[in-house]
Every structure is written in structure tokens, then in C-alpha cells.
Amino acid sequence: MSEKKEPSLWEGFKAFLMRGNVVDLAVAVVIGAAFTNIVNAMVKGIINPVVGAIGTKNLDHYSSCLSSTCQGEQGIQILWGSVLGAAMSFVITAAVVYFLMVLPMAKYLARQEARRKAKEGTQEVIEVTELEVLKEIRDALVAQRGAGHDQQER
């Protein structure tokens with residue numbers, strides 16, 4: 001019996017790296033990291049000052065105290081401003097990714113699918129039409145043979 005040789009660890013790793021998905025993922029991570037810098041700058045440069053118009057310019061300074069005395073680092077503080085800033089960064093990132101990447105790509109893919117279906121529909125009509133013509137030709141030939149056989153027999 002022939003034994004199948006299993007690929008070595010190195011060959012398996014090399015095959016994994018050569019897949020297109022790994023390269024696409026690496027590019028997405030690099031672009032995502034660069035995009036994070038843009039969003040963070042936007043939150044710090046635009047959102048924080050707008051929020052700062054009603055309070056402090058740095059959301060990290062918004063907090064609540066759970067203990068009776070909160071002075072400096074003393075006491076138990078909940079830094080809800082930091083959470084709010086992170087949530088704003090997330091929402092902005094998600095909105096930009098959705099409206100500038102996901103939505104246009106979905107529309108593009110829908111158009112491509114519609115074109116493909118229209119093309120298939122046209123091909124089906126052409127194929128059906130050709131099939132019908134061939135059937136008519138066959139029927140005409142059968143009819144001619146039938147008429148020829150009838151005349152020869154008489």
C-alpha cells in the first residue's frame with residue numbers, strides 16, 4: 001500500500017502564508033491601525049472640544065466618586081469620561097467603515113449580481129430560442145420524411 005506523506009510543518013506554514021486571505025488580512029490590519037490614528041485625532045481634536053464647551057476639554061476628567069472623599073488619587077472614582085471617549089471613537093470608526101467601505105461595497109456587489117443575472121437571463125432566452133428553432137427544424141424534417149414516405153408507398 002502506498003503511504004501518503006504528510007507535509008512538513010514548514011511546508012504547511014508556507015502554504016498558509018501563500019493563501020490570499022492572509023495577505024488581505026495583513027493589509028487590513030495595517031490600514032486599520034492607520035485609520036485608528038485618524039479617528040483618535042478626530043475625537044481629540046473635534047469631539048473633545050465640542051464636549052469641552054460644556055465642561056472640560058478632556059473627557060478623561062469626567063468622573064464620579066463612589067466613596068465619601070475623592071481628592072486626587074484618593075477614593076474610588078469611576079472614570080466614565082474615558083469610557084465615553086472610547087465609545088465615541090468606536091461609533092465614529094464603525095460609522096466611517098460602514099458608510100465609506102461596507103455600504104459602497106454592498107451596492108457594488110449588488111450591481112454586479114444584477115448584471116450577472118441579467119446576462120444569465122439573456123443567455124437562457126437565447127438558448128431556449130435556439131432550442132425551439134432546432135425543434136421546429138426537426139419537426140419539419142420529420143414531416144418531410146413522412147410526406148416522402150407516403151408518396152413513395154403509393
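This is a short tour of the structure above, one selection at a time.

Before you start, note that this is a predicted model, in which local features need pLDDT of at least 70, side-chain atom pairs count only at pLDDT 80 or more, and totals for chains, interfaces and linings use all residues. Residues are numbered from 1 along each chain as its sequence is written, and side-chain values use heavy atoms, with hydrogens and water left out.

**The whole chain.** Show everything as a cartoon and you will find 3 helices and 2 strands, in the order α-α-β-β-α along the sequence. Helices (H or I, at least four residues) and strands (E, at least two) are DSSP runs, numbered from the N terminus. Of the 154 residues, 8% are buried; buried means under 20% relative accessible area, exposed over 50%, and partly exposed in between (1.4 Å probe, protein chains only).

Residues 21–43 are 100% helix and 0% strand, with their end C-alpha atoms 32 Å apart. Residues 87–110 are likewise 100% helix and 0% strand, and 32 Å separates their end C-alpha atoms.

**Helix 1.** Now move to residues 9–18, helix 1, where Trp 10 and Phe 13 sit 3 residues apart, about one turn of the helix. Rings of Phe, Tyr and Trp (its six-membered ring) pair if their centres lie within 6.5 Å; planes under 30 degrees apart count as stacked, over 60 as edge-to-face and the rest as tilted. That rule gives 2 aromatic pairs. One of them joins Trp 10 and Phe 13, a tilted pair at 6.1 Å centre to centre with 45° between the planes. Trp 10 is exposed, at 60% relative accessibility, while Phe 13 is partly exposed at 41%.

**Tyr 98 and Phe 99.** Zoom in here for an edge-to-face aromatic pair, 5.1 Å centre to centre and 80° between the planes. Tyr 98 is partly exposed, with a relative accessible area of 39%, and Phe 99 is exposed at 52% relative accessibility.

**Leu 84.** For the last stop, select Leu 84 in helix 3 (residues 80–153). Leu 84 has a relative accessible area of 32%, so it counts as partly exposed.
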